[in-house]
Amino acid sequence: MPRTNPNIIITGTPAVGKTSHCDVLATNTGLKHLCINQIVKDRGCHECWDEEHKSWIVDEDKLLDSLEDELPQGGYIIDWHACDLFPKSWIDLIVVLRTDSTKLYDRLKARNYPEQKLQENLDSEIMEVLLDEARESYDEEIVIELRSDEAGDVEGNVGRIETWIKNWKEDLVVEAA
Ligand SMILES: Nc1ncnc2c1ncn2[C@@H]1O[C@H](COP(=O)(O)OP(=O)(O)OP(=O)(O)O)[C@@H](O)[C@H]1O
Ligand SMILES: [Mg+2]
């Protein structure tokens, strides 16, 4: 059964603005916001607690198993800092959010991140790690890079994604005709 609603990944370095974008996009479109961090916790899809990084080590096989009945049906916005584990056949669009490193520093600092974790995340943003991961894992034409520097960027970006969704649905109708 082809999907009648797309699956969209919103990814990027921690604190780039993924959840802020997903919240607005879900409200505007009715697509379901899947916060993977929450799912990992709620469904126990983790191997162990990483004390150094104060985060769970995710069991990716368990996570995919727990999503395989819902995700392929379509209509989900996937909110996570990684994207390369999802099968290509499940995903229609990958949005990689990017931000200026000084702005990212301020956002991470406001969260009281330990210095080492903060620096690792800044390096990751500067080295475009998530963008490379997205481009290596999916067809280039479904990977888009959007700026998330100012509060006003959220609305502009969400508007662009809504236009993309509208076009995706129109293409479905044309293909079916
Ligand atoms: N475009 C933006 N301009 C200014 N501030 C922003 C922008 N996007 C997000 N923020 C702020 O940055 C902080 C982090 O945002 P958010 O929680 O959406 O990031 P995230 O990518 O979901 O982080 P995590 O990976 O930890 O879940 C919040 O305080 C939010 O208000
Ligand atoms: Mg978030």
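A residue is buried if 20 or more other C-beta atoms lie within 10 Å of its own, exposed if 12 or fewer, and partly exposed in between. The legends below use these words for a predicted model.

**Figure 1. Ala15 sits buried in a loop of the predicted model.** The loop runs between β1 and α1. Ala15 counts as buried because it has 24 C-beta neighbours inside 10 Å. Its backbone also stands out. Phi of Ala15 is near 75°, a positive value in a residue other than glycine.

**Figure 2. Gly17 lies in the loop between β1 and α1.** Strand β1 covers residues 8–11, and helix α1 covers 18–29. Is Gly17 buried or exposed? Gly17 has 24 C-beta neighbours inside 10 Å, so it counts as buried. Leaving out residues up to four places away in sequence, Gly17 touches Leu97, Thr99, Ser148 and Val154. An unreviewed UniProt entry lists Gly17 under "binding site". That record also names Lys18, Thr19, Ser20 and Arg111.

**Figure 3. Ligand 1 has 16 residues around it.** Which of them come nearest? They are Pro14, Gly17, Lys18, Thr19 and Ser20. Two elements, α1 and α7, each give two or more residues to the shell. By type, the shell divides into five nonpolar, six polar and five charged residues. Ser20 belongs to helix α1. It has 19 other C-beta atoms within 10 Å and is therefore partly exposed. Ser20 is also one of the "binding site" positions in the unreviewed UniProt entry.

**Figure 4. The largest nonpolar core holds 32 residues.** Those with the most contacts inside the core are Ile9, Ile10, Ile77, Ile78, Ile94 and Val95. Strand β6, residues 93–98, gives the most to this core. Its share is four residues. Which residues does Ile9 contact, leaving aside neighbours within four places in sequence? They are Ile78, Cys83, Phe86, Ile91, Ile94 and Val95.

**Figure 5. Helix α7 spans residues 151–176.** Ala151 is found in this helix. Ala151 has 9 other C-beta atoms within 10 Å, so it is exposed. Ala151 and Leu172 are 21 residues apart along the chain. Their C-alpha atoms are separated by 33 Å. Gly152 is exposed because it has 8 other C-beta atoms within 10 Å. From Gly152 to Val95 the C-alpha distance is 17 Å. In sequence, these two residues are 57 apart. Val95 is among the core residues with the most contacts.

**Figure 6. Gly75 lies in the loop between α3 and β5.** Helix α3 covers residues 60–67, and strand β5 covers 76–79. How many C-beta neighbours does Gly75 have inside 10 Å? There are 17, so Gly75 counts as partly exposed. Gly75 touches Asn5, Leu31 and Lys32, not counting residues up to four places away in sequence. Leu31 is 44 residues away along the chain. Even so, the C-alpha atoms of Gly75 and Leu31 are separated by 5.1 Å.

**Figure 7. Asn112 is found in the loop between α4 and α5.** Helix α4 covers residues 101–110, and helix α5 covers 115–126. Asn112 counts as exposed because it has 7 C-beta neighbours inside 10 Å. Phi of Asn112 is near 60°. This is a positive value in a residue other than glycine.

**Figure 8. The protein chain has seven helices and seven strands.** This view sets the close-ups in context. Along the sequence, the elements follow the pattern β-α-β-α-β-β-α-β-β-α-α-α-β-α. Taken along the principal axes, the C-alpha atoms fill a box of roughly 55 × 35 × 30 Å. What is the radius of gyration of the protein chain? It is 16 Å, which agrees with the value near 16 Å for a compact globule of 177 residues. Buried residues make up 26% of the 177 residues.

How values were computed:
Residues are numbered from 1 along each chain as its sequence is written. Chains are lettered from A and ligands numbered from 1 in the order in which they are written. This is a predicted model: local features need pLDDT of at least 70, side-chain atom pairs count only at pLDDT 80 or more; totals for chains, interfaces and linings use all residues. A nonpolar core is a set of buried Ala, Val, Leu, Ile, Met, Phe, Trp, Tyr and Cys residues joined through C-beta atoms within 7 Å. Two residues are in contact if their C-beta atoms, placed from the backbone, lie within 7 Å. UniProt positions are given in the numbering used here, feature names are shortened, and annotations may be inferred rather than shown by experiment. A residue is near a molecule or strand if its C-beta atom, placed from the backbone, lies within 6 Å of it. Ala, Val, Leu, Ile, Met, Phe, Trp, Tyr, Cys and Pro count as nonpolar, Asp, Glu, Lys and Arg as charged, and the others, Gly among them, as polar. The radius of gyration is taken over C-alpha atoms; the globule rule is 2.2 Å times the number of residues to the power 0.38.
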